[in-house]
Every structure is written in C-alpha cells, then in structure tokens.
Amino acid sequence: MNPITKLLLAASLAFCSIGAQAEPGADLVILPAPASAWRITVGHWEGQVELRGNSVVAPRPTAEYARNSHVGASAEGGDGRRDALLFEWNDLWLATLRIESPQPLDLRPYLGGTLELDLEVADMAHGAVKLKLDCGEGCERSVSLMEQARAYAGKGSQHVSLAMACFVREGADFSKIESPFQLEGNGSGRVSVANVRLVRDGKPNANCPDYRTESVTPSMLNESWAVDWWLPRHEEKLAEARKLVAAGHGPELVFIGDSITQGWEKEGREIWQRHYAGYHALNLGFGGDRTENALWRLQHGELDGLAPKVAVLMIGTNNTGHRAEDPETTAAGVKRLLAEIRQRLPATKVLLLAIFPRGEKPDDSLRSINERVNRLIAGQADGRSVYFLNINAALTNPDGTLSKDVMPDLLHPNAEGYAIWQREMQPLLQELLGQSQDLAPPAAAGGGAQAGTSRHTSEEQVQESGRERAQARFGRPVVLAEDDVRLFPEPPADYRTLPAGGLRGHLETFEYDSAVTGTGRKALVYLPPGYSPDRRYPVLYLLHGIGGNEHEWTGYVKADAIVDGLIAAGKAVPMVVVMPNGRALADDSPGENPFVAEKAVGFARFERELLDDLIPAVQAKYAAYTDREHRGLAGLSMGGGQTLNFGLGHLDTFAWIGAFSAAPNTLPPEQLLPDPAAAQAQLKLLFIACGNQDGLIDVSQGVHRYLQAHDVPHLWHVDDHGHDAEAWGSHLYHFAQRIFR
C-alpha cells in the first residue's frame, strides 16, 4: 500500500469535529456563509489586508516595478452573508485571496472527496489562477487552473471539482488546517467564486498532475507570464544553435537551466562576454523552468546537432519554489535530465551544479529543500562523464546568510553574484574544457604531489612520481616553436642544498583567519638570514600545485635552500617568502583525490583570501613593505595558473609575477590581460617558464604568444625539464634573482 493510500485510508477512519461550519458526516461549506464565519484576506508577498466590509484594496508593493499594480476583493451577498467573492489583480507576479477559519479544521475526512466551486472568469487573457490549500505547518499545495480559466473567460459560471488527492503529499498533516481555500493569481485577472465546499463523496471533473511523476514528465512551461515568450525563445535558441554550427564553430560550452542561468544574458552579460563568448557558448536558461520543462526542451531539439565539450546544468529551485516539491522527486528530475544529456551528447562532459541558496537565512524552508536535493544529486557524479560542483559557500556569508549585495531578491544573482559563479566554477570548467574528448579525466593535470600521495612519502618517491607524470605528458603533444628556448643556464648542481655554513633563514608556521572559509588557516613563512623587525622586507608569495599544500615548496622543491643560497651569494635581496595553502576550503587537505570538484574549487576561492585576509595578516605580523613594488607572486602548476589569474588580475597589488609550468586553470590570455597597455606600465617583471618535456607547455605558450603579439615585456624561458621539482626549482632560482631590484 503506497503512502498516499495509507493517508486516505486513515482519513476515512478519522473522527473529527470541524466546528460550526459543518456537522460530522456533512460537507464543509465555505461559501455561502455568514460574514463572521471566515476571515478573508487579500494581498501579495509584502502583506495582507482583511476584508471587513464589502470590499478591500491592498496597498501596492514597494517595488518600483509594481507601482501600477492592484489587488483587491469584494463580497457579494446581503443580510450579513457572503455568497460569492470577487478577486481581481493587475500586474503582479503574486496576488492572494485567503479564507481562514477562526479555529483549526480537521480536513482528513474530506481527503477522499473533492474541492468544488463555481468559477466565473471575467478576464484571464494575461494572467493565471491557482487553487491552494494548507496541508500542515509550513505546507501549502496548489493546482493551476490557467488553461481552464482562460477557456471559461466570458462564459459565465462554470463548476470546477478537483479531487482532494491533488493537494495530498506524503508527510502532509491535514488535522489542524487554518486555511481550507485560497486563490493565487499572477499577471492580471478578474474572477468570482461561489458555492465553495469540500465534498466527502464528490466526483472530480478536472485533472491535476501526479506529483510523484511531474518532475520527470516532459511538458512546456504553463505559466501566464511565460506563454508569450517561452516557446518563441525555444525556437530562437534552435535557430541560434543552427547558425553557430553552420558557421563552422558550434558551441563548445552549453549552459542548461532556469532564470538563474538565463540571467547570464542580463546581469551576467559582461562576465559572459569576457569568459564564455570565446567558446561560442549557448545559453539554454529559461526563466521559471522546472526539471520537466527543461526535459521537454531537450527532447524538442535544443541539443540536436551539437557536440559541446562541456554542458553546465543547474536546475531545481523552481521545483522547490513553485511546488515545495519532495527533494526525492526533484532529484529524480535532475537524474532524468542527466540521462537525456548523456544520450544526446555522449562525448560531452556534464558539470552538474548544486542548486544555489535562496532565502536570507540558512534555515529558510525552501533553501533547506534545495540543500536536500543537492545532497541527493551529488551522487550522480562519476568523475568521468558527470562532475558535481557546489559553490554555495562562496555565495553566502560565513554565517550562512545570503546577502542582497549578491542576490538582491535572495534568489537571483546580480553582476557580483555572476562574477562569483564564474570565479568559483573556473578551475574545474577550464579543466573540463581543456580535456581531450578521448581521454580519461586528467588524473594529474595540476602538478604538485601525486593524488593520494602521503605527506610521509620520501622525496625520491615524489620526484620519481613527477618524472612519470612528465613522461606521460598528460596525453598532450609537445609542439615547440623557434622561440621556445632556454634563456638561462642550468643552476649549479647543489643549488637546492642548504648552505654548509653561515647564516640561514628560518621557517615558521603562520596562522591567520580566513573570511572565505570561516576558519583559521596556515601558511609556511621563510624569514631571511638576519631577519630583524627593525627593517622592512619585500614579500614573495609562492603557490603550490593541485596535490600539494603549504609544505610543497620546501618539502618537494626545497625553496628555502634555493633562496638561502641566493641570498648568501648576494644574488637575491633578503626577502620574506610566504607559502600558503592555496586551497581555500575549511578542509584544505588534498584528500585522496585532489582533482574532484569539491577540492579543485578551493583554488579559485583563494583569490579573495589572498587579497583580503592573508596579505593584510602578513603585513600586520612581519616587517614587510606594504606597497606593490615590494610584493611578488609566483607558483607552480595549478599555483602557476593562480599566479597568472590573480597577479595579472590585480596589478595594483603585485609588480613581480612568475608562472612556472602553469596548469589549465589559467584563464585565456585575452581574459588575463584585456588591457595590455596597463600591464606594460605596471609590471616590473613577468616571468613565464616551462619545460619542453612538459605536456602542459601549451598553456604557457598561449600566454607567451599573446604577450608577444601585444608587446607586453616578459621573460619566456623553456628548459629541458618536465612537470617536476627540477623544473620548478630551476624556475624559482632564476626568478628570485631578478625580483625586488
């Protein structure tokens, strides 16, 4: 016996008293009724007003777009009775008429029957209406009557009978109901209702969707505000895709979703143009879509003839917002969409995003539903075809609240919100876009320690692992140009060995607070020989690879020995070197697999932590210069990509930049330096280096070619190494001698 049958059976056995409106065994009559029998209110999302006399008009919402709106109600009847109610609204996305009982009602005896009313529609050309019932504390269920209401317009009173089962969901509690009847309108409309009652043995004359399968049953979006544009937008997107393919550059990147995705065309437009237009990206976001609506679109051609490298999917918040849907059914809809995408785009990587947070507080009821959905859909990721990414922590404050500075309506991002989305998604997206279609996910595309390598592994083992990775070259062919040559000779054989005598630098752990993660974080700090708080030192920030942490530069590359030797030989100025953990996550360990989305996303999040938390904390603790001319940034592999992204993106903060074997998290060159002239004026040194045995050299080559074409001064050094400690030690050796001079 399924849960709904059990609930209906229990209802049929329940004995209840429902107050003065009905006797046991009788129907519950809502209209007609004495005026004192029910409390009737009308309003919108900002508030309700009570109908005390014959008519009432609610104050307009304060939003500018609602300045011409209207919502009101009036009663028809006489001698203290209300026989019918007229409900009218204009230019509102949500208008409500609510009938409340002075005491809680037990509606369980009626769950096997019907909700019936006579509905007269005067105007519904640009609106829609729903019937809604309370179903327990914090629970409401609705059924759309838009199609019926538009068909009834101008035809007089029409009898509507809906099965009470339409409003029943598993877990609903109808034992203490305050409101047995509501109307909800959107757009503009004018309707009258009469003879409203709950009938124990009524027969329905109208159908309602099965909530258990609604999310997986393909359907067009059937909302008043979408009728005029939804299908035309679908046709426009089909034409846009055909045009791209015909021009010979089909989209490499496709976004699929609802209004949050569609917003890339509005609030997120500038960021889209800067970061995604180069991929001929296609935006398949449609405002208001639930999972079943997106499924309909995909089954009606939106992916036909396409072969993108990556499809980004985020959907489900409207399943929550419009239906307060069971997370299990929303997750089933997402799973069905993934299957549809995989069937139609078998070679495409799918990046499945967690549904964004909504509502101001962490305990918001609808946000809680979304979070439950996220926990369910995360399991759809297989690390081969489907990848899951949750960036919600970056969109909220450390205490979990959602700021209107990011989402003004606590649902849709503004330009800043889209910037956060792009930044947090970039590392994994770039990785997926850079993958060859016929290769497995790059199990070691970011450098540093091998995924799963213990921090107790010997240096020889780690170096051998690096050699193996270099030999594999990540499946990427190395193609060298004439200027891909060495600028500097190899360092001395002992350059990574601590000097035998004389002063040595000092390593210490530095702890600071991160507003990004909401936790305390650690960095390793090198203080030069003879460090004194009575003088000032320039500061170099060194960033590690995807599998490393704050110890990779000293434990694997021996950065402290390299800098010690250079300072002792008078080849480098005394400097403070800060080696942070560049994975800005509460759990900042690499884990067994540092390439999973949940770990990789921390590298993009580190940008704000570096600028807003780490640098100020270092300057407060140590005798450091605070101007850009005395601050440098360098990194290896994933850290090399971070260096280019963060350093070139903040030339007001860094004057000296070194990227060693930069990984595919590096932004496209035109996004790194949209204003080459500014870089020419501000950069003290831009040093880019890679080995000619490194399969990732094409990343650095692309940056070098762009800089060369735009006359941006830089050093381009290609040696004979792979993606390993020998390469990064050599690169640091040459870079450190040339900075802060």
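Trainee: Let's start with the whole chain. How many helices and strands does the secondary structure come to?

Mentor: Remember that this model is predicted. The C-alpha atoms fill a box of roughly 105 × 60 × 50 Å along the principal axes, and buried residues make up 58% of the 741 residues. As for secondary structure, the chain comes to 20 helices and 26 strands.

Trainee: And what share of the contacts with a separation of 6 or more comes from residues 24 or more positions apart?

Mentor: Take the contacts in the chain with a separation of 6 or more, then pick out those between residues 24 or more positions apart. That share is 78%.

Trainee: On to helix H3, residues 230–246. How far apart are its end C-alpha atoms, and what span should we expect?

Mentor: H3 has 17 residues, and at 1.5 Å a residue they should span 24 Å. The end C-alpha atoms agree with that, being 25 Å apart.

Trainee: Which residues of H3 are buried, and how wide an arc do they cover?

Mentor: The buried ones are Trp 230, Arg 233, His 234, Lys 237, Leu 238, Ala 241 and Leu 244. They sit on the same side of H3, because the arc they cover around the axis is only 145°.

Trainee: Which exposed residues are on the face turned away, and what covers the buried ones?

Mentor: The face of H3 turned away from its buried side carries the exposed residues Glu 236, Arg 242, Lys 243 and Ala 246. Over the buried residues, the cover includes helix H4 (259–262), strand E15 (282–285) and helix H6 (291–302).

Trainee: E15 turns up in a sheet too, then. Which strands stand at the edges of that sheet?

Mentor: It's an open sheet of five strands with parallel pairing, in the order E15-E14-E16-E17-E18. An edge strand has a single partner strand, so one side of it is left without a neighbour in the sheet. Here those strands are E15 and E18 (386–389).

Trainee: How many bridges pair E17 with E18?

Mentor: Strand E17 covers residues 349–353, and it pairs with E18 in the parallel sense. Leu 353, for one, stands opposite Leu 389 in E18. The number of bridges is four.

Trainee: Which helix packs on this sheet, touching E17 and E18?

Mentor: The helix touches strand E14 (253–257), strand E16 (310–314), E17 and E18. Its direction makes about 160° with that of E17. It's helix H11, residues 415–434.

Trainee: Staying with E26, is His 717 buried or exposed?

Mentor: His 717 is found in strand E26, residues 715–719. Buried means under 20% relative accessible area. His 717 has a relative accessible area of 0%, so the answer is buried.

Trainee: Which backbone nitrogen does the His 717 side chain reach at 3.0 Å?

Mentor: Two backbone nitrogens come up here. The one of Phe 488 lies 3.5 Å from a polar atom of the His 717 side chain. Leaving aside neighbours within four places in sequence, the contacts of His 717 include Val 485, Arg 486, His 731 and His 734. The nitrogen at 3.0 Å belongs to Leu 487.

Terms used
Residues numbered from 1 in each chain as written. Predicted model: local features only at pLDDT ≥ 70, side-chain atom pairs only at ≥ 80, totals over all residues. Heavy atoms only, no water. Helix = DSSP H or I, 4+ residues; strand = E, 2+ residues; numbered from the N terminus. Expected span 1.5 Å × (residues − 1). Buried < 20%, exposed > 50% of the residue type's maximum accessible area, 1.4 Å probe, protein only. Arc of directions from axis to C-beta. Contact = heavy atoms within 4.5 Å. Polar contact = N/O pair within 3.5 Å; in protein donor to acceptor, adjacent residues only side chain to side chain. Pairing = 2+ DSSP bridges. Axes fitted to C-alpha atoms, helices over the stretch in contact; angles between N-to-C directions.
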